[in-house]
Amino acid sequence: MIDGFINIYKEQGYTSFDVVAKLRGILKQKKIGHTGTLDPMAEGVLLVCLGSATKMCDLLTEKNKTYTCTMLLGKTSDTEDVTGKLTDVTDIYPDEQTVIETVMSFVGDYMQVPPMYSAIKVNGKKLYELARAGQVIERQPRPVTIHSIQILSTDLPRVTFDVNCSKGTYIRSLCRDIGEKLGCGAVMERLIRTEVKGFTIEESLTLDAVEKARDDGTLMQHVLTTDKLMPDIPELHISAKGEKLLANGNKLSADSFVENQIYRDTYVKVYDENGRFAALYEYSDEKRQYVPFKMFPVSR
């Protein structure tokens, strides 16, 4: 079984689950998971975890993401993008400067109502299931953060921009909200996820490329080790004193590590005496020790 992760380029027309299902066939292993859903019409970076790295899927969905979006003014739809049923159309929209100022006004924190066509569950039912059954229900707004927007072009009625945002942000709904503020409506026409936590679209592989790499024996050159999913998390290296405790998944005191360092309010990556990634730990002030969070098998 392969442990680690691959930066996949999800192509249009595939769901994120489709990508996982196809990879299971290509790699001949079941333990595969993705780190953040992309709509079928969207494309771009989808980090896919393999083997023991699937333990990290829930943590990676928390990360900020960067997209390139093309927004089309003068239209609204039930899905908030061009794939849906148009509910309103106009060829009247504000001037370019007003459009630019309105788009940029969304930088920062705001309360966003999620779209009906989403996988959010209400009373055990996914919203998109209700939407397909013709039901529209009230959705509670949720806090999201638009960290930055860079407008790339304004060829009205189209506006293309880069956006870096927090988890849980729907770019379709951002377009909807911009359109509502402009008074002309807007839908998302195209969406490309260009980066997730430092992993870029330039480094990503299509499913066809993964299959080719499997066939020519170069696949493992593209599989990154699990610890690289967390480049910003501190590292601690176990000392001889703590090696057996680590191997058994026990609590560890700060002096069990070469660094003898305490990190609060963050996980730490723990490496064994041979420099192999073994676990995620977090410090407990109550116990005055590091306690295990996730353990990862180490090949002996």
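**Cysteines, burial and backbone**

Tutor: This predicted model holds zero disulfides.

Student: Why is Cys49 called buried?

Tutor: Buried means under 20% relative accessible area. Cys49 has 0%, so it counts as buried. Cys57 has 12%, so it is buried too.

Student: What makes Lys269 buried or exposed?

Tutor: Its relative accessibility is 3%. That is under the 20% limit, so Lys269 counts as buried. Lys269 is found in strand E15, residues 267-271.

Student: Which residues does Lys269 touch?

Tutor: Leaving out residues up to four places away in sequence, its contacts include Asp227, Met230, Pro231, Glu235, Phe277 and Leu280.

Student: What makes strand E1 enclosed?

Tutor: Seven of the seven residues of E1 are buried, so the rest of the structure largely encloses the strand. Both faces are covered. Gly4, Ile6, Ile8 and Lys10 are buried on one side, and Phe5, Asn7 and Tyr9 on the other.

Student: How do you know that E1 pairs with E3?

Tutor: Count the bridges. Pairing takes at least two. E1 and E3 (residues 43-50) are joined by seven and run antiparallel. Within this pair, Asn7 stands opposite Leu47 in E3.

Student: Why do the buried residues of H6 line one face of the helix?

Tutor: Start with the list. In H6, residues 207-216, the buried residues are Leu207, Val210 and Ala213. Viewed down the helix axis, they fall within an arc of 120 degrees, so they line one face. Asp208, Lys212 and Asp215 are exposed on the other side of H6.

Student: What do the buried residues of H6 pack against?

Tutor: Strand E1 and helix H1 (16-27). Just after H6 comes Gly217, with a positive phi of about 80 degrees.

Student: What makes a set of residues a nonpolar core?

Tutor: Its members are buried nonpolar residues joined through side-chain atoms within 4.5 Å. The largest one here has 27 residues. Met71, Leu73, Phe161, Val163, Ile171 and Leu174 touch the most other members. Elements giving two or more residues include strand E4 (65-73), helix H3 (96-104) and helix H5 (171-182). H5 gives the largest share, five residues.

Student: Which residues does Leu174 touch?

Tutor: Beyond residues up to four places away in sequence, Leu174 touches Phe106, Tyr110, Gln112, Ile146, Phe161 and Val163. There is also a second, separate core of 20 residues, which includes Phe5, Tyr9, Phe199 and Ile201.

Student: Where do Glu80 and Arg288 lie?

Tutor: Glu80 lies in the loop between strand E5 (75-77) and strand E6 (86-89). Arg288 lies in the loop between strand E16 (277-284) and strand E17 (289-295).

Student: Is Glu80 called buried or exposed, and what about Arg288?

Tutor: Set each value against its limit. Glu80 is at 7% relative accessibility, so it counts as buried. Exposed means over 50%. Arg288 is at 67%, so it counts as exposed.

Student: What is the peptide bond from Leu156 to Pro157, cis or trans?

Tutor: Cis, with omega near 15 degrees. Pro157 lies in the loop between E10 and E11. Most peptide bonds are trans.

Student: How many helices and strands are there in the protein?

Tutor: Seven helices and 17 strands. Of its 300 residues, 48% count as buried.

Methods:
Residues are numbered from 1 along each chain as its sequence is written. This is a predicted model: local features need pLDDT of at least 70, side-chain atom pairs count only at pLDDT 80 or more; totals for chains, interfaces and linings use all residues. Side-chain values use heavy atoms; hydrogens and water are left out. Buried means under 20% relative accessible area, exposed over 50%, partly exposed in between (1.4 Å probe, protein chains only). Helices (H or I, at least four residues) and strands (E, at least two) are DSSP runs, numbered from the N terminus. The arc is that of the directions from the helix axis to the C-beta atoms. Contact means heavy atoms within 4.5 Å. A disulfide is a pair of cysteine sulfur atoms within 2.5 Å.
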